[in-house]
There are 2 protein chains.
Amino acid sequence: MQPNDPTLRSFVDVDPASDFPIQNLPYGVFSTSGTSPRVGVAIGDLVLDLAAIEAEGLLDLGGAKNVFAQPSINAFMALGPKVWSSTRARISTLLRHDHAELRDNSALRQHALLPQKDVALHLPLVVAGFADFYSSKEHATNVGVMFRGKDNALQPNWLHMPIGYNGRASTVVVSGTKVPRPRGQLKPPNVDEPSFGPCKRLDFELELGVVIGQAAPMGGMLTEAQAEESIFGFTLLNDWSARDIQQWEYVPLGPFLGKSFATSISPWIVTREALEPFRVKGPVQDPAPLAYLQQKHAQNYDVQLAVDLKTETMQKPAGITRTNFKYMYWSSVQQLVHHASSGCAMNVGDLLGSGTISGPDKSERGSMLELSWGGAEPLDLGNGVQRSFLDDGDSLTMRGWCQGDGYRIGFGEVEGTILPSV
Amino acid sequence: MQPNDPTLRSFVDVDPASDFPIQNLPYGVFSTSGTSPRVGVAIGDLVLDLAAIEAEGLLDLGGAKNVFAQPSINAFMALGPKVWSSTRARISTLLRHDHAELRDNSALRQHALLPQKDVALHLPLVVAGFADFYSSKEHATNVGVMFRGKDNALQPNWLHMPIGYNGRASTVVVSGTKVPRPRGQLKPPNVDEPSFGPCKRLDFELELGVVIGQAAPMGGMLTEAQAEESIFGFTLLNDWSARDIQQWEYVPLGPFLGKSFATSISPWIVTREALEPFRVKGPVQDPAPLAYLQQKHAQNYDVQLAVDLKTETMQKPAGITRTNFKYMYWSSVQQLVHHASSGCAMNVGDLLGSGTISGPDKSERGSMLELSWGGAEPLDLGNGVQRSFLDDGDSLTMRGWCQGDGYRIGFGEVEGTILPSV
């Protein structure tokens, strides 16, 4: 049976509402008290310690050694798509209810299957480079209207290529990392001179991150198939944004410090293979893209997304957005093909942000800027709590999942709480 | 005597016109046939193999081991400014004409002092992140006039902060690396639809690269003194630019593929300490910068710069630019202070591009775009050869040096030859 077979069951008990059934098997990096970070996969409420499984000799990694006893998944990714596939199939087999090897080895099970609640989760990859795109037509239109007016909302280039820019890799952090409020130059339109101070329009952006697992040399190009094969997996990504810093600095060279202070990702990388059953066509692209960007295959994914916000005074979080990754105008494959098209070298561990994922409905907008329409329509969170942007102490959580028949391929969550400026 | 003392002499013969007298001692990474890349310093026409000197026990690196038997200077930089300073002083002593330790140890000299012509020079650092600035007022004005017209040439934010953007670290390459002509979407103003193909307006940008040797944590800020202490050294940097790709893609998120295909740096990192005698005040900043960007000390450097171009048909190169690093409006220290001011983490090995270095005179412009005024005034290279932008086969060389009394602190050169698109 294939690892994606919906009838597969594990000997590990998995709740049907769990993000991590045997059909998922996302990779992360974890540690327990007093031990070194190493690679594992999530299964139900447990983590399978792949360093322990590798040490036991249960994995065939094509001769590579110590692949999983490492503080990142980069060494595993560098082994390439065939090894990703065979390893996933092997882990699936080891976890099946009707396979005895691990199931009946209680010493190994004790040692290698750990409750998630007892482990710390770390940044799962060494981020080689980070590029952030801008590929939801709804988001680009909303922001364009607010920043540049209705007539210049969608720039002339937007329908011809996935617009992107280089982000800052040094501040990509894992879910749960506190986010200090950034500082910067602020010059609201009604003031003559800029001043320096804490950001007053702090925002999130709901994105998916694409993790690149294959290098591509300087000077080359990637086909659709090569780009697809280079994608190891996906993560939730919060592209924290300081709207006031961004607005004053971004002309003409683009966002810099308005984005560089933090980017949070979820700890589990969901593999491209696990998402295969949820592949869907994206929106019709009109005008037709230039030849190098054309796709023969459906390259979007039906991933449901939800954002919750909890302020310090609230008992429980309020849902503020429900949307879907399938709305994206430009696919991750097109983004990667475009990124490499100039001759730009790609590295194992490169991270591409999808761009804010907004849908056609008002309730499907992926940022405070859009939800509160630049502050003109503050969000009502109940009990008299309102927000246009994020306050100190606010905790923002993104979740994502693909709904199968009786199971879900989940991404877990990415959470961040705002600290006052230091 | 201090390592910068102009009267110092080495037992190694150094031509007065050499870039690498005992007062310089820049760091690089080299290998000889069949050996591993390791760290060395340039002295005259030789390289001092620091891995060999360290193995001999001649360096006190505060307990750190195998610092120089590595393919980058990052491990050395991570030891911090006190060790940079003491190591430079110690190397200076070891190379002095009146110090016997190395001079009279002919076996070690034989082994550790190698002719530069016999070694291969490699990229000297692992580039953690790359940010490129835009800090010459003359360059920003020239480009602004061409791209946006005279009225919008210098954006309102330009005089208030060092404008910058994140570049692509994966394609930072060492001098001598061939540069394939990039491809991309092109849409000249007189054409309705974009097409995809080789860049037709390929350019260089004359910059200095600043190498950051000290990390700074997420959420913090740097003072002028901390930023200065974080700077390990400087390199020549050619920020190759595809003007046609850039012009079509850059609104609103800035340059991306127009810059991502290659950035070349010189192989020797000249230390901040070696440049100390050439420190000068920069231009008067009016309006006065906000408090966090104010400088108590002169933070510019008097570095003379020259660019030569040689086409395939030319016997010898033609000089096309002579300018000076001292013209920069925003200093490297201000750039770094600004970069970290949002709370952005800085890493050992971060590289900051100064931005194109143009001077007030026409002959001092640091790019083809400015020299040929967007192609309107092609450069005459002699013998009927003209250029507005770079052709396949063209070789571009940048050189830089500080002129002392009877010696020069030189940067060597950064060269790149354009290959046809693959």
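In this predicted model, the side chains of Arg168(A) and Asp350(B) meet in a salt bridge, with N and O 2.6 Å apart. The pair crosses between chains, running from Asp350(B), in the loop between helix H10 (332-341) and strand E22 (351-353) of chain B, to Arg168(A), in the loop between E7 and strand E8 (172-174) of chain A. Both partners are enclosed, for Asp350(B) is buried and Arg168(A) is buried as well. Across the interface of chain A and chain B, two salt bridges are found in total, and 24 residue pairs are in polar contact, both residues of each pair being at pLDDT 80 or more.

The elements of chain A that give two or more residues to the side touching chain B are strand E6 (130-133), strand E7 (164-166), strand E10 (183-186), strand E11 (195-198), H8 and helix H10 (332-341). The largest share of that side, four residues, is supplied by H10(A). By residue type, the side of chain A that touches chain B divides into 32 nonpolar, 21 polar and seven charged residues. The contact takes 60 residues from chain A and 60 residues from chain B. The size of an interface is often given as the accessible area lost when the parts come together. Between chain A and chain B this buried area is about 5300 Å², of which carbon and sulfur atoms give 64%. In chain A, the residues that lose the most area to chain B are Arg168(A), Leu253(A) and Phe256(A), which together make up 15% of what that side buries.

A pair of aromatic rings is described by the distance of the centres and the angle of the planes. Over all chains, a search of the whole structure finds 26 aromatic pairs. The rings of Phe256(A) and Phe133(B) have centres 5.8 Å apart and planes at 85°, and because an angle over 60 degrees counts as edge-to-face, the pair is placed in that class. Phe256(A) and Phe133(B) are each buried. Within chain A, the rings of Tyr329(A) and Trp330(A) have centres 5.4 Å apart and planes at 75°, so this pair too is edge-to-face, and both of these residues are buried. A cluster linked by ring pairs is formed by Tyr27(A), Phe68(A), Phe76(A), Trp84(A) and Phe232(A).

Just after H10(A), Gly343(A) takes a positive phi of about 110°. The side chain of Ser342(A) is joined to that of Ser260(B) by a polar contact of 3.0 Å. Ser260(B) is placed in the loop between helix H8 (243-249) and strand E16 (263-265) of chain B, and counts as buried because its relative accessibility is 1%. Residues up to four places away in sequence being left aside, Ser260(B) touches Ser342(A), Cys344(A), Arg168(B) and Thr171(B). Met328(A), in the loop between strand E21 (318-324) and H10 of chain A, also counts as buried, at 2% relative accessibility. Beyond its neighbours within four places in sequence, Met328(A) is in contact with residues including Ser135(A), Pro283(A), Asn300(A) and Ile357(A).

Over all chains the count comes to 38 salt bridges. Arg408(A) forms one of these with Asp19(A), the closest N and O atoms being 3.6 Å apart. Arg408(A) lies in strand E26 (residues 408-419) and Asp19(A) in the segment before strand E1 (27-31) of chain A, so the pair ties together parts that are 389 residues apart in sequence. Arg408(A) and Asp19(A) are both buried. A further salt bridge, at 2.9 Å from N to O, pairs the side chains of Asp203(A) and Arg243(A). Asp203(A) belongs to strand E12 (residues 202-203) and Arg243(A) to helix H8 of chain A, so parts 40 residues apart in sequence are tied together. Asp203(A) counts as buried at 0% relative accessibility, and Arg243(A) counts as buried at 3%. Salt bridges that share partners join Asp203(A), Glu205(A), Asp239(A), Arg243(A) and Lys259(A) into one network.

How values were computed. Residues numbered from 1 in each chain as written. Chains lettered and ligands numbered in written order. Predicted model: local features only at pLDDT ≥ 70, side-chain atom pairs only at ≥ 80, totals over all residues. Heavy atoms only, no water. Phe/Tyr/Trp six-rings, centres within 6.5 Å; stacked < 30°, edge-to-face > 60°. Buried < 20%, exposed > 50% of the residue type's maximum accessible area, 1.4 Å probe, protein only. Contact = heavy atoms within 4.5 Å. Buried area = accessible area lost by both parts, 1.4 Å probe. Salt bridge = Lys/Arg side-chain N within 4 Å of Asp/Glu carboxyl O. Polar contact = N/O pair within 3.5 Å; in protein donor to acceptor, adjacent residues only side chain to side chain. Nonpolar A, V, L, I, M, F, W, Y, C, P; charged D, E, K, R; others polar.
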